[in-house]
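Hi,

Here is the structure I said I would pass on. Have a look at it first, and then read my notes below.

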Amino acid sequence: MNILEARNIAYSYDGKRAVLKNVSIGFETGKIYAILGPSGCGKTTLLSLLGGLDSPTDGQILFNGVDIAKKGLAFHRKNNVAFIFQNYNLIDYMTPVENAALTSKQPSLPFLERLGLTREESRRNVLRLSGGQQQRVAIARALASDASVILADEPTGNLDEDTAEEIADILKECVRQADKCVIIVTHSGDVAKRADETLWLKRGEIYRG
Amino acid sequence: MNFAQRALLYVSRKKGKTLGLFLLNFTVAVFLVSSFAVLNASKMLSRDIRTSFGAAFYIRAKTEITVNDFGETEVREDGVNITQSAIDEIMKMGGIACCNPVNYGFVKSDDIRFIAGDGHTPESDIGAVTALSFSALAPDFADKAIELIAGNHITESDRGKILISEQLANANRLSVGDYVMLTHAKLGEIDGEYIDEIPVKTAFVQVEVAGIYRVNVEDTAPKPTAGLLENGIYASLDVLNELKESKAGFYTGEVGFYITDPAELDGIIRRVRSLKSIDWATHFIRTNDFQYSQIADELLTLSRLMKALLVCVSAVGTAVLVLMLTLCIRGRMREVGILLATGISKGEILTQFLLEVLSVTALALIFSHAASMCVSELLERILFGELPDLLNEKTLTAGVVGGSYMKLGGAKIFLIYLCHMAAVMASAFVSSAAIMRLNPKEILSKMS
């Protein structure tokens, strides 16, 4: 059973340049999906549409079989999906604990500790953490949000090789433990290797790898 | 985490931006309240001055100047005075706020050495006294030939008070609050030499220096000591009575009557002229609304200046606020993107921004209230320090709330603060509009 599904979606800028053409793909829980493809092929656009950051020019995005446009994109973003960005996107006047608790009602400290941050680090300003630590905070925020689907846009793009592998392992472990669906847009072969399914996006069309 | 918690975190953690916003609101609020206070004060004072002595007419006994057979000039005053009963009769007619009777005389003092004039001798060390009810209404003060630089003007209720010139004060090391003993004198002339025609002194009075004035005009013509402007003494009416140079209730000088409404001047003059108790063959009447128009013009100018200042402060303050908030909110585009990506609605984000701005503004307004009071008090001293002396006590107590012209009522202050908050709120809306129009993907694209 697909938790998230793109059905015949198309997307174009200004109605002229088509970025996605009739894309249909389904995603299941407990699995990691890696979306690969050359720069500018529409990977991030697809992720944005799946996450309700934008609407497709044609087709539907379904969550548990229901069109996300019906309840509103903000509702979808708040309740169904969580984002992890390449540049972490943490709020700079909040501590890791506060960032991770942004949309969560449950205590965020256990998530941060599980991802390797100490209590002291968790109460420091986020800008005083390393890149790897900031990305851990972003992952903690996604996990604490209770969303069933985690959408990660180049989550290891700004990290060194060792940290990137560590983050990829953390994501994989979290998926197994929490039974979530993780969709990762990446250029990294190492990250793609850890995925259960690899998808290729070329000239606006999607192929299973 | 709800919007209020996020707003609290932002305000407490982003100290520089919060302080900037606080200071801007604080400054604008102080300017606004102070300007409104001055505007309000100038209106109230204008009204009170108008009520007190909108225009004036003066009655005085005729003097006749003749040249005798020896070619000497003689001033004949017919010994006619204005009496208190005549004044009372005129005052009863209504429409008159106050009157300013004047007596003239001369004094000597062991405590004062007068500035030496033409042909000065110890005998002629005499000063001329103008005794009156309101010194501020004396023609020399009204014309700015002299101006008060320390202390207070003489008003109707004062007893044993004098004003002296700056030169006289310096020469005798006198300052406001000092006491001097005065005695009577009469300036005479024998063989071209000025003398005191009262060699044996029988009347003395101790007086307090209530104020010091500066002489703004230069007069180089030779004059006896008593004729110099610098040696002029303005005194409360009782001083010359004590020195037996005048009788209580009889006035040798011009008596000014200040009417409440300048429009009624002609009618009042007609009624005064019909009074039988005054012999119009020996008295004459003249009218003047110069003093009112002079003060009213100054207040009108001040009022216009304040209105212009208010418009400028409001416009510049709002523009700076919009600019500051725009810069501040644009700098928070990443945050808006993050919040939108996590499913927080635009309305909730805008509410957070408004709460931040309004809470800082409210705090600034509370602090600015105390500062505004201090600034208003200072401005009151600078702008209106002397003017209330022009008014009699009745007008002051009847027309002024709490004795201060600069005090704005609670409702007015509340209205100013309410408008300020509304302007801040509108500024926050305008500043946020550019970002709030974008969809989350556009914001996140701009961020990356």
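Helices (H or I, at least four residues) and strands (E, at least two) are DSSP runs, numbered from the N terminus. On that basis, chain B has 13 helices and 17 strands.

Bear in mind that this is a predicted model, where local features need pLDDT of at least 70, side-chain atom pairs count only at pLDDT 80 or more, and totals for chains, interfaces and linings use all residues. Residues are numbered from 1 along each chain as its sequence is written, while chains are lettered from A and ligands numbered from 1 in the order in which they are written.

The model's scores are ipTM 0.86 and pTM 0.60. For chain B, the mean pLDDT (the predictor's confidence in each residue, from 0 to 100) is 82, with 86% of its residues at 70 or more. Watch residues 392-402 of chain B, though: pLDDT is below 50 there, and the stretch has 19 contacts in the model beyond near neighbours in sequence. A contact means two residues whose C-beta atoms, placed from the backbone, lie within 7 Å. Where pLDDT is low, the predicted coordinates should not be read in detail.

Within chain B, 84% of the contacts with a separation of 6 or more join residues 24 or more positions apart.

Now for where the chains meet.

Cheers
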